Amino acid sequence: MGFGVLLVQPEQLQRQFESQMPEDVRQPSCYARNLLEYCSYSALHLMVQEPDHLSDKEFRRLSYDMMLAWEAPGDGCETLSKEISMQSKTIVEDEDGVSIFYSDSLNMAVQVDDKKTVGLEAFTRIAPAAPSIADIMTVDNLFAALTSSSGGQLHFLIYEKYLIALDKVIRTAKSFGGSAMISNLQLAAGEIAIEVDGTIPTQPVFQHIGISAWPGRLILTNRSLYFESVGVGSFNKATIYDLSSDSKQIVKRECTGPLGAKLFDKAVSYKSMSLPEPVSMEFPEFKGHLRRDYWLAIIREVLHVNQFIRKFSLKDVREGEALSRAILGIFRCRAIRDAFHIVPAHFRTILSFSLAEKLPKGDNILEALSGRLEMLNIESGGSSLNGSKINSTTIQPVSLLTLQKFGLIIMKETEVIKDVKFSNGDVWVGDVNPLELALKQSKLDSSKAEEAHASVTQMKVEGVDTNLAVMKELLSPLMEVATWIQLLASWESSVKSSIFLMIFCYAIFRDWFKYILPYSFLFLAVLMLWHKHQAKGKPVEVLKVIQPPNRNPVEQLLVLQEVMGQLETYIQAANIILLKLRALLFSAFPQATNTAALFLIFMAVVLVFMPLKYLIMCLFLEPFTREMPLRKETSDKVVRRLKEWWIRIPAAPVEIIKPDESKKRRQEKG
């Protein structure tokens with residue numbers, strides 16, 4: 001599987017495997033597969049040093065065959081031994097006398113049937129060994145994108161199509177460096193162009209600020225976003241949006257249209273403290289919004305990787321490695337878009353830092369990645385074939401080295417790494433690294449979060465009137481109480497208001513007030529558990545809401561105005577909160593119901609035994625000291641955990657029903 005590539009006899013390579021690998025990797029039950037991984041990783045680390053390896057048919061075929069052999073290591077190793085004896089003299093040497101590939105793609109280490117396909121586990125174990133092909137953080141999602149139409153099995157034709165598209169994307173990115181378009185931008189040291197759009201006159205990018213719009217072209221680098229509006233015979237000076245600054249930047253989907261109307265969902269909105277008002281970039285296309293979705297994803301990825309660099313104070317090679325991971329991920333995303341016309345998003349994205357932001361406990365993934373970057377060792381070549389022991393505690397900046405091999409330099413000339421061999425990346429023979437463990441733990445919770453997210457999306461209803469009707473029905477019990485309290489607060493009846501005030505003050509003075517919340521929590525906990533017991537797995541009762549009267553076209557156009565659109569968004573968000581609370585109350589998600597009930601009981605016990613003065617003090621100190629440097633990191637993590645728990649709770653179902661006209665007529669007659 002790589003003997004000819006490595007210029008090592010199979011017996012010698014096997015002896016090196018046995019001398020360098022720990023005993024648990026050499027157990028008989030996993031010996032064949034781990035030996036195959038050792039050979040594959042060693043060969044791939046050597047082959048990816050060739051700048052044009054993605055365009056080489058031999059590399060594409062051999063890397064795919066490694067995955068096939070991984071799935072049947074016993075048969076593969078037996079075939080290997082026979083093939084090696086026949087192929088010992090059929091090796092092609094390059095100018096330096098180093099054998100890189102076999103002389104014939106049909107005479108490679110493993111002969112495979114073209115009808116065979118690769119599964120997920122084989123792909124995730126082999127593909128990340130070539131940093132250009134896959135990233136260990138997103139390899140599962142990449143496989144899902146490649147096999148979305150083939151039932152979870154990867155065919156060679158699909159795999160080859162992906163690598164060809166990826167090679168084309170990298171060559172295009174490399175061509176940006178010498179173009180006049182990029183030289184006019186005067187990029188900073190270590191800044192390279194990743195993506196350009198709007199160069200074709202029939203497919204411009206429109207920049208919207210307020211009610212004004214300008215056509216032009218958009219350029220994304222690893223640091224900033226550049227927009228050049230169309231001038232007379234050329235492009236005007238670029239407007240720069242710095243994605244690496246700490247200015248509370250927000251990038252999201254946006255609707256645009258003539259004179260500021262929100263009609264077409266094909267734009268990306270960029271908001272920053274450094275800008276007086278948000279800026280929208282529109283990507284017109286006749287059908288769908290794939291172009292916009294792609295740009296939204298890659299802009300967010302650059303924004304997230306720069307936030308990661310600032311958070312962990314990465315410098316020099318560690319900063320370059322993080323940026324390189326993001327850049328290679330963007331190249332893969334572009335290749336998937338060009339080859340298969342899809343842009344995976346949310347929990348399925350193939351962009352590493354965006355995925356970490358989406359996944360539950362994604363901060364743990366970023367911490368694990370930061371720990372990996374701290375172990376970077378760029379000074380020792382560390383060849384695994386010279387008889388020395390492999391040191392698994394140090395790794396190489398493989399993503400940075402890969403970009404360097406492609407001719408994309410993101411570091412200063414004096415910092416460029418030279419003559420460093422690829423070794424000890426994100427894949428370990430017969431083992432998983434801490435980054436993989438953090439990913440697996442996070443992905444265990446992602447399916448529940450994804451299901452809850454789908455239920456939230458499904459339960460969102462359109463129209464301000466309809467959302468108001470849903471909210472009114474959900475809040476009807478509370479609205480009655482609020483109306484009563486508001487009546488007392490208005491002091492329309494002085495006697496009633498005075499009596500309420502004296503009772504309330506006396507309750508506080510006598511320290512009775514501390515029992516209100518405990519009893520309320522206990523009541524809610526008992527009520528939820530009772531509903532859970534009564535439900536016994538049955539779906540939550542559908543909330544029935546009377547549909548409001550239909551609007552005429554003129555009224556519907558008025559509803560589309562910006563203020564009404566914002567109001568609709570706020571109401572939808574409030575409804576989702578209420579529907580999730582309803583789901584908790586009626587045990588739509590039993591695990592969350594148990595957690596909520598136990599938490600309420602725990603809080604009830606705490607509130608019973610904690611003196612009120614200490615409680616009031618805690619209630620004051622908690623928000624007041626939340627942003628204190630000593631507490632900021634801990635409080636941010638607690639808030640994140642609460643958000644992740646909340647995301648996994650599905651929304652209760654809603655059914656919009658028409659009003660009973662006969663009942664309405666009877667009421668009017670009565």
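With a relative accessibility of 2%, Asn 222 counts as buried (buried is under 20% relative accessible area, exposed over 50%, and partly exposed in between, using a 1.4 Å probe and protein chains only). The structure is a predicted model, in which local features need pLDDT of at least 70 and side-chain atom pairs count only at pLDDT 80 or more, while totals for chains, interfaces and linings use all residues. Residues are numbered from 1 along each chain as its sequence is written, and side-chain values use heavy atoms, with hydrogens and water left out.

For orientation, the chain contains 24 helices and 12 strands (DSSP runs numbered from the N terminus, helices being H or I of at least four residues and strands E of at least two). Of its 670 residues, 45% count as buried.

Asn 222 sits in the loop that links strand S5 (212-221) to strand S6 (224-229). A polar atom of the Asn 222 side chain lies 3.0 Å from the backbone nitrogen of Ile 192. That distance falls under the heading of a polar contact, a pair of N or O atoms within 3.5 Å; within protein, one must be able to donate a hydrogen and the other to accept it, and residues adjacent in sequence count only if both atoms are side-chain atoms. Apart from neighbours within four places in sequence, Asn 222 is in contact with Gly 190, Glu 191, Ile 192 and Ile 194, as well as with Val 302, Asn 306, Leu 323, Ile 327 and Ile 410.

Gly 329 belongs to helix H11 and is buried, with a relative accessible area of 0%. Beyond the neighbours within four places in sequence, Gly 329 is in contact with Ile 350 and Leu 351.

The crossing is right-handed (the near helix is turned clockwise from the far one by less than a right angle; anticlockwise makes it left-handed). Arg 318, Glu 321, Ala 322 and Arg 325 of H11 make this contact with Leu 369, Leu 373 and Glu 374 of H13. By class, three of these residues are nonpolar, none polar and four charged (Ala, Val, Leu, Ile, Met, Phe, Trp, Tyr, Cys and Pro count as nonpolar, Asp, Glu, Lys and Arg as charged, and the others, Gly among them, as polar).

Two further helix pairs can be described in the same terms. Helix H18 (residues 516-535) and helix H21 (residues 590-609) pack with their axes 8 Å apart, at an angle of about 155°, and are therefore roughly antiparallel. H18 passes H21 in a left-handed crossing. The residues of H18 that take part include Leu 517, Phe 521, Ala 525 and Lys 532, while those of H21 include Pro 590, Thr 593, Leu 600 and Val 608. This contact has 17 nonpolar, two polar and one charged residues.

The axes of helix H3 (residues 31-47) and helix H4 (residues 57-71) come within 10 Å and cross at roughly 165°, which makes H3 roughly antiparallel to H4. Their crossing is left-handed. Among the residues involved are Arg 33, Leu 36, Ser 40 and Met 47 of H3, and Phe 59, Ser 63, Trp 70 and Glu 71 of H4. Nine residues of the contact are nonpolar, two polar and three charged.

Lys 248 has a positive phi of about 50° although it is not a glycine. It lies in the loop between strand S7 (239-242) and strand S8 (250-256) and counts as exposed, at 66% relative accessibility. His 341, another residue other than glycine, has a positive phi near 60°. His 341 is placed in the loop between H11 and helix H12 (352-358) and counts as exposed, at 58% relative accessibility.

Technical notes: Contact means heavy atoms within 4.5 Å. Axes are lines fitted to C-alpha atoms, for helices over the stretch in contact, and angles run from 0 to 180 degrees between N-to-C directions. Angles under 35 degrees count as roughly parallel, over 145 as roughly antiparallel, 65 to 115 as roughly perpendicular and the rest as oblique.
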